[in-house]
Amino acid sequence: MGLPETERQEFLAQPHIGALAVGAGPDRGPLVVPVWYGYEPGGSLWVVTPADSVKTRLIEAAGRFSLLVEQSAPRVRYVSVEGPVTESREATEAEHLAIARRYLGDGAAAYVEMAAGFGVPLLVRIGPQRWYSADLGPS
């Protein structure tokens, strides 16, 4: 059964690891990679990724992407969201640190320092357009 709008937004706002999917062109399946993401209920969804990555080039070409987040305990639930890119720009150090802190807590600064070797971080934001969700747990 699908989740009501407020529940799916609250679920997406939790720091799950997302699976980002973006079209990879004719005769290929989509690129699907794990990502950290940011989201606040009612707002847009965003990721920080190296500007020169394959993922970034495919997102720029497609102009949109999908993100799936799921949990298997204490019960199986998932939310999938898809939408157009609404912003793409160099991430500030504060934004890069915020996304790292969401997932790593006190280890965020060390991660951001290490990630500098990956190249310029890009912030890519989508406006959620299509939602899919399910709660497969007991009622």
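Me: Asp27 first: buried or exposed?
Reply: Asp27 is exposed, at a relative accessible area of 84%; exposed means over 50%, buried under 20% and partly exposed in between (1.4 Å probe, protein chains only). Please note that this is a predicted model, where local features need pLDDT of at least 70, side-chain atom pairs count only at pLDDT 80 or more, and totals for chains, interfaces and linings use all residues. Residues are numbered from 1 along each chain as its sequence is written, and side-chain values use heavy atoms, with hydrogens and water left out.

Me: Where does Asp27 sit?
Reply: Asp27 belongs to the loop between strand E1 (18–22) and strand E2 (31–35). Strands (E, at least two residues) and helices (H or I, at least four) are DSSP runs, numbered from the N terminus.

Me: And what is the phi of Asp27?
Reply: Asp27 is not a glycine, yet its phi is positive, at about 65°. Most residues other than glycine have a negative phi, and most peptide bonds are trans.

Me: Which peptide bond is cis, then?
Reply: The bond from Ala73 to Pro74 is cis, with omega near 5°. Pro74 lies in the loop between strand E5 (64–71) and strand E6 (77–90).

Me: Switching to salt bridges. How many are there?
Reply: The count comes to eight, taking a salt bridge as a side-chain nitrogen of Lys or Arg within 4 Å of a carboxyl oxygen of Asp or Glu. One of them pairs Glu7 with Arg77, whose closest N and O atoms are 3.0 Å apart. That pair links distant parts of the chain, since Glu7 is in helix H1 (residues 5–13) and Arg77 in strand E6, 70 residues apart.

Me: What does Asp135 do with Arg77?
Reply: The side chains of Asp135 and Arg77 form a salt bridge at 3.4 Å, N to O. This pair also spans distant parts of the chain: Asp135 is in strand E8 and Arg77 in strand E6, 58 residues apart. Both residues are buried.

Me: And which residue does Glu95 pair with?
Reply: Glu95 meets Arg89 in a salt bridge of 2.5 Å, N to O. Glu95 is buried at 18% relative accessible area, while Arg89 is partly exposed at 27%. Elsewhere, salt bridges that share partners join Glu7, Arg75, Arg77 and Asp135 into one network.

Me: Helices now. How do H3 and H4 cross?
Reply: The axes of H3 (residues 93–104) and H4 (residues 108–115) come within 8 Å and cross at roughly 130°. H3 is therefore oblique to H4; angles under 35 degrees count as roughly parallel, over 145 as roughly antiparallel, 65 to 115 as roughly perpendicular and the rest as oblique. The axes are lines fitted to C-alpha atoms over the stretch in contact, with angles from 0 to 180 degrees between N-to-C directions.

Me: What about the loop with Gly105?
Reply: Gly105 lies between H3 and H4 and is partly exposed, at 31% relative accessibility. The C-alpha atoms of Gly105 and Pro4 are separated by 30 Å, the two residues being 101 residues apart along the chain.

Me: Finally, which residues form the nonpolar surface patch?
Reply: Leu68, Tyr78 and Tyr132 form it, with about 280 Å² of accessible area together, by the Shrake-Rupley method with a 1.4 Å probe. Patch residues have over 30% relative accessible area and no salt bridge, with nonpolar side chains joined within 5 Å and like charges within 9 Å. Tyr132 is in strand E8 (residues 130–135) and is partly exposed at 49%.
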